[in-house]
Amino acid sequence: DFESAMADVKKVVDFDTPDQFKQMNTDVIALSRRLPMAAKDIAAIVAAGGQSGIAKSELLRFAEDSVKMGVAFDITAEESGQSMAELRTAFKMSQDQVTSLADKINYLGNNTPAAAKGIMNIVQRIGPLGEVGGFASGSIAALGATIRGMGVEEEIAATGIKNMMLALVAGESATKSQKAAFKDLGLNSTTVAKNMQKDAEGTTLQ
């Protein structure tokens with residue numbers, strides 16, 4: 001099973017020499033002795049990372065962080081690797097940044113009624129739109145935890161947050177009814193859109 005999983009790694013990662021691939025085999029087995037996951041499952045995470053374009057030198061660190069996230073979030077190795085790779089791509093994050101986001105999601109999962117897996121699902125669904133709205137990924141996670149914690153389904157929670165973000169950054173292109181709603185709140189759609197790029201959290205709270 002392990003050899004089969006490593007064959008998948010070989011397909012998606014460019015090894016310069018056979019020795020490099022051999023070393024990766026050894027390193028993955030060493031990780032499996034240190035972490036609570038079988039070597040074949042760790043290899044599946046390495047393959048997911050390689051497929052999403054993560055640098056060869058970062059793959060073992062990516063795998064280790066994904067294993068820890070998988071255990072903390074109670075999800076499979078494959079789900080964990082896939083999710084971490086997608087979050088990195090969506091938010092254009094380094095491994096340190098995505099690990100920090102996973103820590104925040106784990107904290108929210110432990111301290112709110114929402115499960116970490118559900119919060120992560122919402123953050124993934126919103127993905128790069130957060131950048132458009134000026135939101136930090138941790139704030140999206142907090143919004144997701146709040147709405148999911150009220151019993152709202154993940155898909156509906158993500159759609160709600162997306163729609164809110166798009167309305168707040170609409171500016172000149174806001175609909176007539178949106179502009180009227182902003183006016184009733186004593187706000188201006190164009191000013192709100194500009195402020196969203198400077199301080200998304202503060203503007204949303206306002």
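This is a predicted model: local features need pLDDT of at least 70, side-chain atom pairs count only at pLDDT 80 or more; totals for chains, interfaces and linings use all residues.

Biologist: What percentage of the residues of the chain count as buried?

Modeller: The accessible surface of the chain comes to about 10900 Å², with 52% of that belonging to carbon and sulfur atoms. A residue counts as buried when its relative accessible area is under 20%, and of the 206 residues of the chain the buried share is 44%.

Biologist: How far apart are the end C-alpha atoms of helix H5, and what span should its residues give?

Modeller: Helix H5 covers residues 77-90, which makes 14 residues. At 1.5 Å a residue these should span 20 Å, and the distance between the end C-alpha atoms agrees, at 20 Å.

Biologist: Which helices do the buried residues of H5 pack against?

Modeller: The buried residues of H5 are Ala-77, Ser-80, Gly-81, Ser-83, Met-84, Ala-85, Leu-87, Arg-88 and Ala-90. Just after H5, Lys-92 takes a positive phi of about 50 degrees. The partners of those buried residues are helix H3 (39-51), helix H4 (59-73), helix H6 (95-111) and helix H7 (116-126).

Biologist: Is Arg-88 buried or exposed, and which residues does Arg-88 touch?

Modeller: Arg-88 lies in helix H5, and its relative accessible area is 12%, so Arg-88 is buried. Leaving out residues up to four places away in sequence, Arg-88 touches Ile-54, Glu-58, Met-93, Ser-94, Gln-95 and Val-98.

Biologist: Which helices do the buried residues of H4 pack against?

Modeller: The 15 residues of H4 should span 21 Å at 1.5 Å a residue, and its end C-alpha atoms are 20 Å apart, which agrees. Its buried residues include Phe-62, Glu-64, Asp-65 and Phe-73, and just after H4, Asp-74 takes a positive phi of about 60 degrees. The buried residues of H4 pack against helix H2 (18-34), H3, H5, H6 and H7.

Biologist: Which residues have the most contacts inside the largest nonpolar core?

Modeller: In soluble globular proteins, nonpolar side chains tend to be buried together. Here the largest nonpolar core has 60 residues. One of its most connected members, Ile-126, is in contact with Ile-140, Ala-158, Ile-161, Lys-162 and Met-165, leaving aside neighbours within four places in sequence. Those with the most contacts inside the core are Met-6, Val-9, Val-28, Ile-105, Ile-119, Val-123 and Ile-126.

Biologist: Why is the pair of Phe-15 and Phe-21 described as it is?

Modeller: A search of the whole structure finds one aromatic pair. The ring centres of Phe-15 and Phe-21 are 5.3 Å apart and the planes stand at 65 degrees, and because planes over 60 degrees apart count in this way, the pair is edge-to-face.

Biologist: Where does Lys-10 lie relative to Phe-21?

Modeller: Phe-15 and Phe-21 are both buried. Lys-10 lies over the face of Phe-21, and its distance from the ring centre is 4.8 Å.

Notes
Residues are numbered from 1 along each chain as its sequence is written. Side-chain values use heavy atoms; hydrogens and water are left out. Helices (H or I, at least four residues) and strands (E, at least two) are DSSP runs, numbered from the N terminus. The expected span of a helix is 1.5 Å times one less than its number of residues. Buried means under 20% relative accessible area, exposed over 50%, partly exposed in between (1.4 Å probe, protein chains only). Contact means heavy atoms within 4.5 Å. Rings of Phe, Tyr and Trp (its six-membered ring) pair if their centres lie within 6.5 Å; planes under 30 degrees apart count as stacked, over 60 as edge-to-face and the rest as tilted. A charge sits over a ring if NZ of Lys or CZ of Arg is within 6 Å of the ring centre and within 35 degrees of the ring normal. Accessible areas come from the Shrake-Rupley method with a 1.4 Å probe; for residues, only the protein chains shown count as cover. A nonpolar core is a set of buried Ala, Val, Leu, Ile, Met, Phe, Trp, Tyr and Cys residues joined through side-chain atoms within 4.5 Å.
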